[in-house]
Every structure is written in structure tokens, then in C-alpha cells.
Amino acid sequence: MPYGNHNPSELTKTVTINTLHKLKGSGEKFVVVALYDAPMAAMAQKCGVEVVLIGDSLGMTVLGYQSTIPVTMEQMIYHVEAVARGNQKSLIIGDLPFMTYATPEDALRNGARLMQAGAQMIKIEGGAWLAETVKMLTERGIPVCAHLGLTPQSVNKFGGFRVQGRSAEDADKIHADALMLAEAGADLLVLECVPSALAKRITADIPIPTVGIGAGLDNDAQVLVINDILGLTEHPPKFSKNFLEEAGDIPGALKKYVADVKSGVFPGEEHRFD
Ligand code: KIV
């Protein structure tokens with residue numbers, strides 16, 4: 001069964017970096033869900049979700065913090081282990097939390113801990129300043145997902161959770177960062193809360209897959225947080241959608257999300273930024 005039919009079914013093959021690169025090449029979109037525990041990870045595999053991300057969003061979605069900044073390595077490891085126990089087919093990405101990759105050496109030490117906990121790729125937030133870190137990690141066998149645009153660990157620097165890259169200058173900077181991180185060896189790039197046109201331009205210009213969240217339709221993949229998919233968020237962000245409302249149950253909600261990403265129905269106009 002090929003990946004990504006429009007009628008989602010259980011993953012039958014293990015998803016690897018090569019799978020994701022092939023999907024970009026074929027133009028078929030893939031699906032990412034940020035989730036945090038074994039049963040939901042198992043459900044994601046059953047519903048055809050190619051990539052699961054143990055995001056440091058868990059600080060807000062599971063642990064009750066106001067931002068991702070308090071999240072620790074120990075909390076990330078605990079949740080990566082749980083997800084890895086529940087899912088043997090999706091590619092598993094773990095977030096390195098705030099200030100655990102401030103130097104390439106920190107990134108190497110902490111990235112190795114997440115890989116040993118069960119991650120197959122680590123995600124880090126930031127632009128050109130991370131190029132040396134990306135090179136160091138990838139050369140030593142730790143695949144990297146970069147993250148640009150609204151990078152929540154920098155919320156205090158941004159002055160709030162705001163769309164990034166709206167001025168021509170800011171857009172060019174994010175575009176240049178994306179090129180540099182791909183050149184340094186990143187295998188995946190999350191684009192969060194950027195204008196759709198900027199995400200489209202980056203997706204066309206870099207050889208690695210882009211994963212959008214609040215970044216329009218023209219990415220190679222989409223990511224949503226499980227709490228938003230299941231309507232558990234009190235004030236959901238504009239880019240998210242409650243799929244449970246329509247679907248009625250959890251597997252139905254995940255399958256609808258997968259199908260809508262694959263067919264280009266999600267994200268709709270109302271979920272995008274200009
Ligand atoms: O922490 C997270 O869940 C994330 C995704 C929303 C991309 O970074």
C-alpha cells in the first residue's frame with residue numbers, strides 16, 4: 001500500500017527520512033501530529049500519520065505551563081519513551097527544550113539523550129546561528145528538523161505569539177535561514193505562523209520537506225497539536241481545526257485530518273495568514 005492514499009489506513013511500512021524525501025519528490029503531502037503518550041501514538045500509527053512529534057508544546061498542552069520555556073530534558077525523555085513504546089511505524093521526532101542546545105556541544109549531548117530515548121530525529125528552533133549545530137549533529141548521525149517563523153521558545157523576544165515574516169526584510173531573513181539550515185544538513189523544516197506566500201517560496205527553493213503550521217497550504221506536510229485536533233484547547237489558534245467535532249470519535253478525527261491534508265482540503269483559507 002503506498003503512503004498517503006486519501007482514505008487513510010494503518011501504516012504498514014516503517015517511515016524513514018527517505019520516505020519523507022521521496023514524498024516531497026512525488027508531490028504527495030504527509031502528515032505530522034504533535035502528541036505525547038503511548039495510546040495516542042498507537043492511534044496515530046493506525047490512522048496513517050507518517051510522523052509523530054513529541055513537541056515541547058507538552059509544557060502547555062499537558063503540564064499546564066504558560067509557555068514551553070519551563071520544559072526540561074527529563075520531561076521530554078519521559079514522553080519520547082512513552083511515544084516510542086506506542087508506535088513502531090511513524091517517524092518519531094523529539095524536541096530539544098529551551099536552552100538545551102545553546103552550544104553545539106550541548107545539542108550533541110542532549111540530542112543523543114533524546115535519540116537513546118527513542119527519537120529518530122530531533123527538532124531545534126532557530127535560524128543561521130544553528131547551522132554549525134545542525135552540521136555537527138547530522139555528521140554524527142542525529143537527523144535534524146529545523147524550526148523557523150514563530151519559534152515559541154523565543155516568545156519573550158517576539159513579545160508574544162505573533163505571525164513572523166510579514167515585512168519583506170523579515171521574509172528574506174527567514175528564507176535565507178531556511179537555505180542555510182538545509183545546506184548545513186537539516187532533513188526537515190517546520191514553518192510556524194508565517195505568511196502562506198513565504199512558506200510557498202521556501203518550499204519551492206529548498207530540497208528538504210517543509211512542514212507547515214499556520215503557514216498555508218503550499219508546504220510538503222502539515223503539523224497540528226493533538227489537543228487542537230481533538231478540541232481540547234480553550235482558545236484554539238486560528239490555524240488549527242477541531243476535527244473531533246465533525247468526526248465524532250478519536251480515530252475518525254485523526255483519519256479526517258490525514259485525509260484533509262492529503263487532499264489539500266486542510267488548511268483552508270480561514271486557517272492561513274497573509
Ligand atoms: O512543540 C510543538 O508541538 C511544535 C509543533 C507545534 C511544531 O513545535
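Tutor: What follows is a discussion of a predicted model, taken topic by topic.

Student: Which residues surround the ligand?

Tutor: The ligand has around it Ala34, Leu53, Gly55, Asp56, Ser57, Asp95, Lys123, His147, Val190, Ile213 and Val225. Sorted by class, this shell holds five nonpolar, three polar and three charged residues.

Student: Which side chain has an N or O atom 2.9 Å from an oxygen atom of the ligand?

Tutor: That side chain belongs to Lys123, with an N or O atom 2.9 Å from a ligand oxygen. Asp95 has a side-chain N or O atom 3.1 Å from an oxygen atom of the ligand. For Asp56, a polar side-chain atom lies 3.2 Å from a ligand oxygen.

Student: And how much of the ligand's accessible area does the protein cover?

Tutor: On its own the ligand has 260 Å² of accessible area, and the protein covers 95% of that.

Student: What takes up the space of the largest pocket?

Tutor: The ligand takes that space. The volume of the largest pocket is about 860 Å³.

Student: Which lining residues lie nearest the centre of the largest pocket?

Tutor: Ser57, Met60, Val225, Asp228 and Pro237 lie nearest the centre, out of 37 lining residues. Of these, Ser57 and Val225 are also among the residues that surround the ligand.

Student: Which element gives the largest share of that lining?

Tutor: β8 does, with three residues of the lining of the largest pocket. At least two residues each come from α3 (58-61), β4 (121-125), β6 (188-192), β8 (221-225) and α10 (226-229). By class, the lining of the largest pocket comprises 18 nonpolar, ten polar and nine charged residues.

Student: Moving on, what is the volume of the second largest pocket?

Tutor: The second largest pocket has a volume of about 480 Å³. Its lining has 23 residues, with Gly126, Gly127, Thr151, Ser154 and Phe158 closest to the centre.

Student: Which elements supply at least two residues each there?

Tutor: For the second largest pocket, these are β5 (144-149), α7 (155-158) and α8 (168-184). The largest share, five residues, is from α8.

Student: How does the lining of the second largest pocket divide by class?

Tutor: There are eight nonpolar, nine polar and six charged residues in that lining.

Student: How many cavities of 30 Å³ or more does the structure hold?

Tutor: There are three cavities of 30 Å³ or more. The second largest cavity contains about 40 Å³ of space.

Student: What lines the second largest cavity?

Tutor: Its lining consists of Val32, Leu53, Ile93, Lys123, Cys145, Val190, Val211 and Val223. Seven of these lining residues are nonpolar, none is polar and one is charged. Leu53, Lys123 and Val190 line this cavity and also belong to the residues around the ligand.

Student: A change of topic: the backbone. Which residues does a cis peptide bond join?

Tutor: A cis peptide bond links Phe266 and Pro267, with omega at about 0°. Pro267 lies in the segment that follows α12 (250-263).

Student: Which residue has a positive phi although it is not a glycine?

Tutor: That residue is Met99, with a phi of about 70°. Met99 is located in the loop between β3 (91-95) and α5 (104-117).

Methods: Residues numbered from 1 in each chain as written. Predicted model: local features only at pLDDT ≥ 70, side-chain atom pairs only at ≥ 80, totals over all residues. Heavy atoms only, no water. Near = heavy atom within 4 Å. Polar contact = N/O pair within 3.5 Å; in protein donor to acceptor, adjacent residues only side chain to side chain. Areas by Shrake-Rupley, 256 points an atom, 1.4 Å probe, with all protein chains shown as cover. 1 Å grid on protein atoms, 1.4 Å probe; cavity = no way out; pocket = protein on both sides within 12 Å on 5 of 7 lines; lining within 4 Å. Sits in = over half its atoms within 2 Å of the grid points. Nonpolar A, V, L, I, M, F, W, Y, C, P; charged D, E, K, R; others polar. Points joined across faces, edges and corners; volume = space filled by probe spheres on them. Helix = DSSP H or I, 4+ residues; strand = E, 2+ residues; numbered from the N terminus.
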